[in-house]
Amino acid sequence: MTSLYSSTFLPTNPLHTTLTRPATKLYAKSLQPPARIQSVLQYNRKPELSGETPRVVVITSGKGGVGKTTTTANVGLSLARLGFSVVAIDADVGLRNLDLLLGLENRVNYTVVEVLNGDCRLDQALVRDKRWSNFELLCISKPRSKLPLGFGGKALVWLVDALKDRQEGCPDFILIDCPAGIDAGFITAITPANEAVLVTTPDITALRDADRVTGLLECDGIRDIKMIVNRVRTDLIRGEDMMSVLDVQEMLGLALLGVIPEDSEVIRSTNRGFPLVLNKPPTLAGLAFEQAAWRLVEQDSMKAVMVEEEPKKKGFFSFFGG
């Protein structure tokens, strides 16, 4: 037996009404009315925001290329679609990419560096998304630029406090896209956060880095740590060629926020600057990001479940007991 992930890919957003009816018929055929009722209740209600606002969440991993920026873009827009105000901060100095994934690269005129130097106001550096006005982007610096020597964790704490006290009102969520590695950029990004989302993939290199980052987050006083397992392939899990989600959860010992299946649409959405959660019809990965955002709002988690493995192919000598 190997593990996969629980929670069906039913839409939790009222915009996805077209997928609710087929899912309901599927449960009716399988004679599982409790699951159907639970899905309808989740579909008909808005998630209740848990905890004090603003919720300052750092999205990190340690290893590069596991999907931190993709997670920040899709979870952030999912929160905005649920009606919450979101400010996403790209803390990757010199190598920012969050504006590209959101399609806002041509609208970033000022950054945090200009705000600190007194060249512009904070509201001028915030870029409001035209599709969802309650989502805003804030970049630390321009591409291929270096931060001043005095910039560090205290400057980012001041920035978060300034967002709390602005005239437009305090945002519900402040998402910080953390740079890869565990150097000064990592320390700066996690300083103002009070909870963390750890993004990893089911391979040993990413898991070792994730385990190291978990220890650093706990040393910094961040106890609320949940993980998202990205780029999961069920065919490889059944063939025992990829670690299962339950194996990942047992190795890291973290609460599971979401499981994102491998999806070729990620590359297309990245190149178009159009996040997955805005696709019509939605993809499985997009729905998984929306469910992760739902759990983040209510500070909830999911559980991995067990599925049957594919039977191993028998060779010619199996007839003789080999």
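## A strand pair inside the sheet

Ala88 stands opposite Leu175 in β6. These residues belong to a predicted model, in which local features need pLDDT of at least 70, side-chain atom pairs count only at pLDDT 80 or more, and totals for chains, interfaces and linings use all residues. Residues are numbered from 1 along each chain as its sequence is written, and side-chain values use heavy atoms, with hydrogens and water left out.

Strand β3 (residues 86-90) pairs with strand β6 (residues 173-177) in the parallel sense, over five bridges. Strands are DSSP runs of E, at least two residues long, and helices are runs of H or I, at least four, numbered from the N terminus. Two strands count as paired if DSSP finds at least two bridges between them.

## The whole sheet

Eight strands form an open sheet with mixed pairing, in the order β4-β5-β3-β6-β2-β7-β8-β9. Its edge strands, β4 (127-128) and β9, each pair on one side only.

Strand β8 (residues 224-232) pairs with β9 in the parallel sense over five bridges, and Ile228 stands opposite Gly258 in β9. In β9 (residues 255-261), six of the seven residues are buried (under 20% relative accessible area, 1.4 Å probe, protein chains only).

## Nonpolar cores

A nonpolar core is a set of buried Ala, Val, Leu, Ile, Met, Phe, Trp, Tyr and Cys residues joined through side-chain atoms within 4.5 Å. The largest one has 48 residues, and Leu138 is among those with the most contacts inside it. Helix α7 (residues 153-164) gives the largest share of this core, five residues. Apart from it lies another core of 40 residues, including Ile59 and Ile260.

Notes. Buried < 20%, exposed > 50% of the residue type's maximum accessible area, 1.4 Å probe, protein only.
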